[in-house]
Amino acid sequence: MNTASSPDTIAAVATAPGASAIGILRLSGPEAVSAVSACFRPASGKALTDYPPNRLVLGTLLDGDGAMLDQCMATYALAPHSYTGEDTAELQCHGSPAVLSAGLEQLFRHGARQAGPGEFTKRAFLNGQMDLIQAEAVADLIDAQTPDAARNAAGQLGRAMTEKIQAVADGLIDLLAHFHVVLDYPDEDLDPLETAEIEATLSRSEAALRQIGATYRRGRQLTQGVPCAIVGRPNAGKSSLLNALLGYDRAIVTPIPGTTRDTVEERCVLGGVLLRLVDTAGLRDTADPVERLGVARSRAALDEAELALVLLDGSEELTEEDRALLALSEQCPHRLVLVSKSDLPTVLTLPDGLEAITVSSVTGQGLETLEEAVRALFAGHTPRQGELLTNARQAEAIRRAADSLAGARQALELGLPPDAVLSDAEAALSALNEVTGQSVTEDVTRRIFQRFCVGK
């Protein structure tokens, strides 16, 4: 879905809001270089365009009266050798919000307009500088909260996922070309050898797509966090543990059992793993209708969790409710049992064979051990660069492509006419083109880039 470059020039602050050491003003479009040249004077007295592209030039940023706003650096690049494929320019200023705002106003005065969310990367996509997988990887890279998430996004930006999908697409294109020959010459039936080769190609392509699609679960955990339910009886220390892991008081903590009546969700990185922590209401039988609703939501959070942190109150004897909770939590793919309140006298006796980590949210005892335990649980999940699907749009299109190939293979096995196989194979190729952006609607494109920040 590549189109000609946009006719207007856009500008935006490309660095995060707030004061910082450096703030960048970014432009793209036909007037990008002239707009910067109108309000930037190189210290040498030359014009900015007297310098070659892609070179940083020291100078001053001027206001509308020619007074100095800042001492800064400027650079420019010419189409198509730029991020967007258009003429681009940047001003690297001191990171004062007042300076950046005033500088942006000058750029607007000289022909630029405010860029929308993700508009620079959208132009890069529309101008053929990157495919849609790479464009979405830019947003993932900006949002990455762990090294693994950053590595996966960087790999996709480097076309690792694109190349996997394109390899399947190329095979389908060859297959479609063969079927079109058969349709053009209907008297030439497929011989058994050709049928076997086509079936092998369809099976191999479907298997490759199923394998790619299966990475979405881990990719979603990488970008959104591993669902982690903190469960236990009322007053076992669940909210205190959440606050200790986050490093601030997110949940209300009181000595009164049943304080937490709904789930509280936050993200944190523990042992290099992004966790989506859910502090749940204490699991117990209760007549209180509000607390009962909270308990139901706690059970639902446990059902959906990839990891359960099961808290047992070390200052009390093990109860039947504790035993029931331990049994219930065994359904979770991963479980860590924690004995809480180690800063108090320990009364709890663990069942034989049950391993647990002793922790105190007051003193911090055991939290490093917990961190290492989480790291060990997910150490084998470290992805190679770019191998994981990370969003639902990609995963859904890959699933449709694989399903279409399964239909094509079935049509071939049943001896249906070639156009039946061709129809399903074309549907598979169309779905793959949606992933890379070779065929995607404007509405989908707009929704994708709306998640980007302004200036990227």
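## Exercises on charged and aromatic pairs

In this predicted model, the side chains of Glu86 and Arg123 form a salt bridge, 3.0 Å from N to O.

**Exercise 1.** Work out where Glu86 and Arg123 lie in the chain, and say whether Glu86 is buried or exposed.

*Solution.* Start with the places. Glu86 is in the loop between β5 (68–77) and β6 (88–95), while Arg123 belongs to helix α3, so we have a link between distant parts of the chain, 37 residues apart. Next, check the accessibility. Buried means under 20% relative accessible area. Glu86 comes in at 4%, so it counts as buried. Arg123 has 2%, so it is buried too.

**Exercise 2.** Find which helices the Glu206–Arg409 salt bridge ties together, then see which network Glu206 belongs to.

*Solution.* First, the contact: the closest N and O atoms of Glu206 and Arg409 are 2.9 Å apart. Glu206 sits in helix α7 (residues 192–213) and Arg409 in helix α13, so the bridge ties together parts 203 residues apart in sequence. Glu206 is buried at 10%, whereas Arg409 is partly exposed at 21%.

Now look at another bridge, Asp403 with Arg210, at 3.0 Å between the closest N and O atoms. Asp403 is in α13 and Arg210 in α7, 193 residues apart. Here Asp403 is partly exposed at 32%, and Arg210 is partly exposed at 34%.

**Exercise 3.** Decide how the rings of Phe125 and Phe449 are arranged, and find the cluster they belong to.

*Solution.* The search of the whole structure gives 2 aromatic pairs. Take Phe125 and Phe449: their ring centres are 6.2 Å apart and their planes meet at 35 degrees, so this pair is tilted. Phe125 lies in α3 (residues 119–126) and Phe449 in α15 (residues 442–450), so the pair ties together parts 324 residues apart in sequence. Phe125 is buried at 1%, and Phe449 is buried at 2%.

Move on to Phe449 and Phe452. With centres 5.2 Å apart and planes at 40 degrees, this pair is tilted as well. Ring pairs therefore link Phe125, Phe449 and Phe452 into a cluster.

Notes:
Residues are numbered from 1 along each chain as its sequence is written. This is a predicted model: local features need pLDDT of at least 70, side-chain atom pairs count only at pLDDT 80 or more; totals for chains, interfaces and linings use all residues. Side-chain values use heavy atoms; hydrogens and water are left out. Rings of Phe, Tyr and Trp (its six-membered ring) pair if their centres lie within 6.5 Å; planes under 30 degrees apart count as stacked, over 60 as edge-to-face and the rest as tilted. Helices (H or I, at least four residues) and strands (E, at least two) are DSSP runs, numbered from the N terminus. Buried means under 20% relative accessible area, exposed over 50%, partly exposed in between (1.4 Å probe, protein chains only). A salt bridge is a side-chain nitrogen of Lys or Arg within 4 Å of a carboxyl oxygen of Asp or Glu.
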